[in-house]
Amino acid sequence: MKLKFPSPEWVAKYREELNAGPWKESGKGWTYGPISFVVKKDEKLGINEDIYLWLDIDKGFCKEAKIVSKEEGEKAPFVIYGDYARWKQIINGELEPIKALAQGKLQLKGNLATIVKFVKAAEDMVKTAQKVPTEFID
């Protein structure tokens, strides 16, 4: 069964896959706190407000993954903003997230130098997202 992206069900399955996959190893050095991935508002797609996917990650383990309010999502030390099309490209493996940040295709609130240290972990997070049976809304 495919899970709609973004949805609470998709995020829950993503957490499950993260904790079972290669990110457990490549993310072991991550001690910098949660990350929020933001799918920007796009009323044409029925996304009437920004959607914040909160990942509470630490040392290769995803303690919690959920959709949160903007207020909660903005509290993460790292917030990555992108429109729906960009996230779709990333999930489909067509766009590398670190490269997308460097090219301005995604925007970051947080320290880019820290993120860049975790290129392998970012790649593994993308590969993991590809394991989630995803139904895109467009």
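Is Tyr84 buried or exposed? Tyr84 is buried, with a relative accessible area of 2%; buried means under 20%, exposed over 50% and partly exposed in between, with a 1.4 Å probe and protein chains only.

The model is predicted, so that local features need pLDDT of at least 70 and side-chain atom pairs count only at pLDDT 80 or more, while totals for chains, interfaces and linings use all residues. Residues are numbered from 1 along each chain as its sequence is written, and side-chain values use heavy atoms, without hydrogens and water.

**Aromatic pairs**

The whole structure holds 10 aromatic pairs. Rings of Phe, Tyr and Trp (its six-membered ring) pair if their centres lie within 6.5 Å; planes under 30 degrees apart are stacked, over 60 edge-to-face and the rest tilted. Two of the pairs involve Phe5.

| Pair | Centre to centre | Angle of planes | Class |
|---|---|---|---|
| Phe5 and Trp10 | 4.9 Å | 75° | edge-to-face |
| Phe5 and Tyr84 | 5.8 Å | 45° | tilted |

Helices (H or I, at least four residues) and strands (E, at least two) are DSSP runs, numbered from the N terminus. Phe5 is buried at 3% relative accessible area, and Trp10 is buried at 4%. Ring pairs join Phe5, Trp10, Tyr14, Tyr84 and Phe136 into a cluster.

**An exposed loop residue**

Asn48 belongs to the loop between strand S2 (35-39) and strand S3 (51-58). Its relative accessibility is 53%, so Asn48 counts as exposed.
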